[in-house]
Amino acid sequence: MSRIHLLPNRLANQIAAGEVVERPSSVVKELLENSLDAGATQIDIQVESGGARLIRVRDNGEGIHPDDMPLAVNRHATSKIQSIEDLEQVGTLGFRGEALASIASVARLVLSARTADQAEGWKVESEGKDMAPRMTPTAHPVGCSVEVRDLFFNTPARRKFLRTEKTEFRHLEEVVKRLALSRFDVSFSIQHNQRVIHSLRAAASQLERERRVMTICGSAFMENAVSIDVSSAGLRLHGWVGLPTFSRSQADLQYFFVNGRVVRDKLVSHAVRQAYRDVLYHGRHPTYILYLELDPSIVDVNVHPTKHEVRFRDGRTVHDFLFSTLHRALAEVKPAEALSEYAAVGAQQSAQPSVDFGQAQTAMRLRTGAHAGSALPVYISEHTAQYFGVEDALAGVAMPAAATGATSNLDAAGEQEVPPLGFALAQLQGIYILAQNATGLVVVDMHAAHERVTYEKMKQSYAEQGVQSQPLLVPINIAVSEREANLVEDQAELISQLGFSLQRAGPESILVRQVPVLLSTSNVEQLVRDVLSDVLEHGRSERVREVTNEILSTMACHGSVRANRQLTIAEMNGLLREMEHTERSGQCNHGRPTWTQMSLAELDKLFLRGR
């Protein structure tokens, strides 16, 4: 039988390196976080062969005292925490004291630094062998430089798992982008194989921050993003969220920061998905760059060595705050605001000396939004009867005199303010409404727009009535876990608010006696299981609302005007006015866009006017 023994220091470090150093991008992440914690305002990164051959990071931070440099490459040596109290409210990106020791155990590392009160710098070298650092004096400006060569040179099995140079550099570049988005006050530059890839200056003003975001995420994101800044109950959420029409096929444009630290958290992801659930096209992913600021003592960052995961002390409060803030931000985007931003961008594009046809087509961007207004309270039964005629569905809408004639133009409106979506001109192929506004041409998908208007009215009507329940003729017995059965007793009031009447029938079984009226024909057993699972994980459940909204969405879809339905000018203008006062009118119930804008400048470019 083998006896228990202590592991050699080098082997222990290499085991730790397996968690901290996965690939070159992991090295860069740890080194950049150290530079930021040291107060650096300029960080330069040089990389060769995707980081496998060389990684050099230089900063202008406060440097390292010569007496502390040998400790810097030892495990569990750090200047950032000293007691358990410090660990409970970590304010720095690094704090575990493992990064440099782990890197030094699997690569050839050279650490050079000088503090402001030292006349010369010092250098520490370690080659992952005996871990005995060698110190020598060196010329160095105030700050710190870390040079990492031949990553995994002494662990060939790990080196075999590295991907191609291009792939490894792409991961490394993504790390730099994330940290550049988290710290606008710091300048970053990165070179790969002696070629400058990015040179990002420090951004002080809002305009400079937006320029950095455009450089990293593309101009299309900023053109299709909504800026938010909301504070409540000690929480602050600010940043940018992309419009639902600017969704992606993969989750590659999602950045979330907690107190400046980029994280990937299930609770955050769930809250964001819930906020987009009514407006996002199937299988698409939202885009966002969001910053959550809160008291460090109520969030635990010491969950995993990579520090990508966090744990909130009151997860339900954080979840509700994120969901409500994003949900309202997406609902309150007004067409007038979207069109004003569109006009500003259009003016910049028109000032360019030359634009080809491809650029002109690209300029036809989607800009959608909604105005937070009150929809007419109509009961479900009354609303269902109105679906059979668009005249009834659009009844009661006040329209300008200019909008009721056979023709419509802006001059005829006189002194009246031109509405954001303008006045209807005609109907195209029985599918699209063509309207003229102050900016140019508006094209509206008739069915998609009316579907959203109808759906929002039905949701409001249903919310005003509350969740109506009906008893089951024969109660349903469901086998559950003991934990779920306990939840039924502990959260009886919450479950009742969702429209269910559940009763514990045994240690691991419950009886379903009452369900929401609209969901009586659904799979009740699966629905109850999903609700209990949500409450256990998130402290709440949106499952009933989701299923209810799906039913209302289907009803709205079938009740909205269909293609080839001929509308009068008055009916078309009525629909446009309804869109301007309906939340989320920029997308239909399935996430498709409902309208798009094309300016006169873009039309002129298509026909080469003004050249």
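Among contacts (heavy atoms within 4.5 Å) between residues at least 6 apart in sequence, 72% join residues at least 24 apart. The model is predicted, so local features need pLDDT of at least 70 and side-chain atom pairs count only at pLDDT 80 or more, while totals for chains, interfaces and linings use all residues. Residues are numbered from 1 along each chain as its sequence is written, and side-chain values use heavy atoms, with hydrogens and water left out.

Start with the whole protein. Of its 611 residues, 50% count as buried, meaning under 20% relative accessible area with a 1.4 Å probe, protein chains only. The secondary structure comes to 22 helices and 22 strands; these are DSSP runs (helices H or I, at least four residues; strands E, at least two), numbered from the N terminus.

Next, select Phe221. Phe221 touches Val213, Trp240, Gly242, Phe246, Leu253, Thr287, Tyr288 and Ile289, leaving aside residues up to four places away in sequence.

Of its 60 residues, Phe221 and Ile289 touch the most other members. Helix H7 (residues 165-182) gives the largest share of this core, 7 residues. Apart from it lies another core, of 35 residues, including Phe95 and Phe323.

Finish at helix H19. Select Val524, Leu527, Val528, Val531, Leu532, Asp534, Val535 and His538, which are buried. Down the axis of H19, its buried residues fall within an arc of 160 degrees (directions from the axis to the C-beta atoms), so they line one face of the helix. Just after H19, Gly539 takes a positive phi of about 80 degrees.

Notes. A nonpolar core is a set of buried Ala, Val, Leu, Ile, Met, Phe, Trp, Tyr and Cys residues joined through side-chain atoms within 4.5 Å.
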